[in-house]
Amino acid sequence: MIKLSSAEDSKFTTSIVEVSVLLELQQLLLIHDKNWNNLEHELKQSESIKNEAKSDHPISTETIFGEEKPADSTQPNEKSESSTPLIASPEKESIREQLSKYYNDYVGLSEKLHIKPQYLQMMRLNLPHCTNEGLVDDMVSLAYIFVNTNQRDQAEKLFQLILQYRDDVASAVIGMGSIHAMQRDYESAISDFTKAILIDNSIADAWKRRGQTQAAAGKVCDAIFDLTRATQLSVSDPDIFLQRGLVFHQVKDYRAALIDFKTAKDQGVVTATIMNYIGMCEGLIGNISKSINAHNEAVKMDNSFREAYLNIALMHKEAGDWKNALISFDAAIAAHASTSFYEAFMHRSQLYYLLGDLKAAFRDAHKAISQIYELEKVDSEKFNRSKAAQSIIQCLMRIANCYQAHGNCRRTIEYFDLALSVDPTNSLWFQREICLVQWRLLTSDVCTFSLDDKTDPRLKDSWCKQHPQTFHSAVATSQSVQLYDGWYRKEQISANHYCIMDDFDEDEGTQSVSKSEFHNISNLLEKQRVIECTTELGGWVQLRSAGFLPNRRQHRMFGLAVLQMATILRKHINLIRLEGVGVEIPNTMSSRESKVPPNQKDTSVKSNSKFSPSKSGKRGIGALHHQFGWRDLFDVVVRWRQISEPNDPVWWIDRFPSRAFEEGFGLQTPIVNGQLKTIRYYPYFAATFDLVKNLLRDGYWTASDSLQQVSTDKLQAIERTTSLDALYAIVGEDFYVIVPTPSMLDDSTAVLEGTRLTLVRSVGGSSGAEDEYVAPGFEFTIRTPGKPYRWTLFEMELDACFSRLEDTLLAVPPTVDFDPSVEDHLLSRALQLFYWWVTFAPLSRGTAACGYAFLQAVLVSCGRKIDKKIPKGKQLDWEAILARDCMQFVSKVKPWFEPLVPCDLLSSTDSEGDDPDVIKFSCTMKDMIELLMLPYPKAS
């Protein structure tokens, strides 16, 4: 979300509150949005003031200076002595004469004088505190005018003179504090405002300005306290609510900020800026439609407000409405076409990348970087180098990902190195090291390795957890293990290792691929035929739920993975029919921990074969193959997923470091994240919330993993709750419940640990640490602990489930037409394994997508496919996760996909050789990338 201060992260940027304070203090006394340029017009509207301005001679008499203010416009004053002059002394008289001279030098009706008496009188009406001593109040007003006309030196001298005359003039103390704040001398400013409060603690303006300055100094809790006190003293000053809203926004308490911004708006601050803030807060708590409406109001008020256009684009992107997002990105860029707006290009680059348009993503990322450097040249003083550095890293990383997705590892490493030169501790160091591993293996036969096996577990773990680069060294040293020093270096990789593309100058597709010396152009048509077969499969996986963007590259990957999985599965079943034993998989290509003894090589594997008939049907310590199982089937789609999206850490959790696995590598998906309703998953809030209430009948688990029971009275109260706040108040602590997963093993009554439904509260206010504020909210999440004991139990269930699936597939006749009851049984078996797979959640990312691919692959292997899309607003994995048992899930979702339709995709891709085309053209990662790079139909 873009802020007007361009401050996305307070760690790297000037505080938005600080910027607000400095801007607001520039207009020191223009209270209630009074515009200095309109002040003379307002004076002309006031007949009383007009009648008082009769004389043009210098005024210095006590009678005029002591003129009373209207009672209703004077702030109350608790100190009675401040309403009368101090006892005169020679020194005081001298100072008074100097003050009178100021008046005579600057104030009068003569053309030579700059300040008209009526200006001073109008300013006096707006003073935060009056002494009712005319000379003093007029000089304070004059000093404020100096501030508002950028004559700060004059203002400071006059304030000091006033305070020498009287040290209890709160308005002068506030004026001095404001000057100190504008000079960024926050401690002196806070001290000044505190003095003003001690003089009269009912002055709302003193509390407000101290609150603003506390915020700028990073003292957030103190700032909120002061601004809250100011709202109590002046409920009708919209600026106080606006300022407190800015502070709440800065500390991510968006609900509180939204209330304050709306209050300020209701009290008359109806500007494009405040509507933009309202829109940002709505978006950051998950109210996408309200956010877009507010931003649209902002651009109606100011059609050149490019930040508002950008925020509209980001909201459409979050909702998955990519077409409207692109329109709004264009509007943001066009709003000030002559000036740099690199944020728009940077965010549009991300959208293009998520849509699978790598060339457009590459182009916009480069454009953003060039605009950052242009901006630095144009305005180097105001250029925010810290923020720019983070943006450059994001863009360099995006370019690196584009190159890696195209197989150009050399350029990928170059751009990773550039990003690391900006921030050597960045976690992308782990991605760089993994890319070096992939580069070395790019042209190796995929049956000779597994990326999970070849990649250091610590790299995978640290990438997933976004550790800084320095984390690895610290952990390794503390555990007395050998440091990872990068097994594969650029200089160690042969110069002739394959790079598909040198640059993005040419169009994606045929031109790019034709550069490869390894590419046989005669195979292009065959490859294109394979791609055409995958198109209809790829579109099926697109969910029709908010937040899910259609990624054409991932759709292609899905179709190719389904074809390859279906091909291997059909081969496996046919071999069982013919020989009684199915496919055997080389241990070298399995993601399981290697069973090949040290120094023993598997020489039986042909370079163009991904599987072979079993010789013995046994596996053991000395075996070079193992029997094909469910994990090998999923290995196919996992490999495609790893290659198709280099920015996603897709790994098998049991191949993480032993300690991370034993402690439980926890997957977590938020439904509510703090104050944000996660747009992708919030549609399942009601179902999850009701399930939590139901499961609480059996008790709950505390944060320390102890089981607690809930009393009958509390259970009755829980039944009536409709919100997280109310539910948490009844339970009284952080907790989780576990969705039961009854075993389907024969003669087993065990209930496995399914998904944890967790509720954790963030207590609002001070965190206990100095000046640290915690926004109130909840983490309402689903969590899956990947621990060894759970892993073993789910492996047993999946083994048995896959065995039952094999039996069902063997019962399916090898003809296109077969009995509907067989079709029904086949779909049920496939859905059962899907249930166990997503409930197990064995991958660090991408479990659901891999499960969808499995579901279609099982059916395609039998000449069937699911033609009906998943219903709008539904997600199959969430239906499984929240089901109380497997058969409940199957009975609910199976009608979504019936009837199945015939599918001859495998026969249409069979070639005359030993392997079908989809197998022949995916022997190496290079081959797989080339298939992903083939031209897309124009409609996509």
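Start by selecting helix α6 (residues 117-125) and helix α7 (residues 134-148) of this predicted model. Their axes come within 9 Å and cross at roughly 95°. Axes here are lines fitted to C-alpha atoms, for helices over the stretch in contact, and the angles run from 0 to 180 degrees between N-to-C directions. Helices (H or I, at least four residues) and strands (E, at least two) are DSSP runs, numbered from the N terminus.

Show the side chains next. On the α6 side, L120, M123 and R124 meet G134, D137, D138, S141, L142, Y144, I145 and N148 of α7, contact meaning heavy atoms within 4.5 Å. The residues of this contact divide into five nonpolar, three polar and three charged. In that count, Ala, Val, Leu, Ile, Met, Phe, Trp, Tyr, Cys and Pro are nonpolar, Asp, Glu, Lys and Arg are charged, and the others, Gly among them, are polar.

Stay on α6 and colour by accessibility. Seven of the nine residues of α6 are buried: P117, Q118, Y119, L120, M122, M123 and R124. Buried means under 20% relative accessible area, exposed over 50% and partly exposed in between (1.4 Å probe, protein chains only).

Two notes on the numbers apply throughout: residues are numbered from 1 along each chain as its sequence is written, and side-chain values use heavy atoms, with hydrogens and water left out. In this predicted model, local features need pLDDT of at least 70 and side-chain atom pairs count only at pLDDT 80 or more, while totals for chains, interfaces and linings use all residues.

Move to α18 (residues 322-335) and α19 (residues 342-355), whose axes come within 10 Å and cross at roughly 160°. The two helices are therefore roughly antiparallel to each other. Their crossing is left-handed; that is the term if the near helix is turned anticlockwise from the far one by less than a right angle, and right-handed is the term if clockwise. Select W322, A325, L326, F329, D330 and I333 in α18, which meet A344, F345, H347, R348, L351, Y352 and L355 in α19. By class, this contact has ten nonpolar residues, one polar and two charged.

Helix α20 (residues 358-378) is the next stop, with A368 in it. A368 is buried, at a relative accessible area of 0%. Leaving out residues up to four places away in sequence, A368 touches Y342, F345, M346 and C395. Now pick the C-alpha atoms of A368 and I392: these residues are 24 apart along the chain, and the atoms are separated by 8.0 Å.

D364 also lies in α20. At 2% relative accessibility, D364 counts as buried. With residues up to four places away in sequence again left out, D364 touches F345, R348, S349 and Y352.

Zoom out to the cores. A nonpolar core is a set of buried Ala, Val, Leu, Ile, Met, Phe, Trp, Tyr and Cys residues joined through side-chain atoms within 4.5 Å. The largest has 229 residues, and L696, L876 and F889 have the most contacts inside it. Helix α29 (residues 552-579) gives the largest share of this core, twelve residues. Select F889: apart from neighbours within four places in sequence, F889 is in contact with L831, F834, Y835, L876, E879, A880 and A883. A second, separate core has 48 residues, including Y103, V136, F146 and I174.

Most residues other than glycine have a negative phi, and most peptide bonds are trans.

- D747: phi is near 60°, a positive value in a residue other than glycine. D747 lies in the loop between β8 (735-742) and β9 (751-762). D747 counts as exposed, at 85% relative accessibility.
- A841: phi is positive, about 55°, although A841 is not a glycine. A841 is in the loop between α36 (820-840) and α37 (847-860). A841 is buried, with a relative accessible area of 10%.
- P899: a cis peptide bond joins E898 and P899, with omega about -5°. P899 lies in the loop between α39 (886-897) and β14 (901-902).

Finally, show the whole protein. It has 42 helices and 14 strands, and buried residues make up 57% of its 940 residues. Of the contacts with a separation of 6 or more, 70% are between residues 24 or more positions apart.

Definitions and conventions: Parallel < 35°, antiparallel > 145°, perpendicular 65-115°, else oblique.
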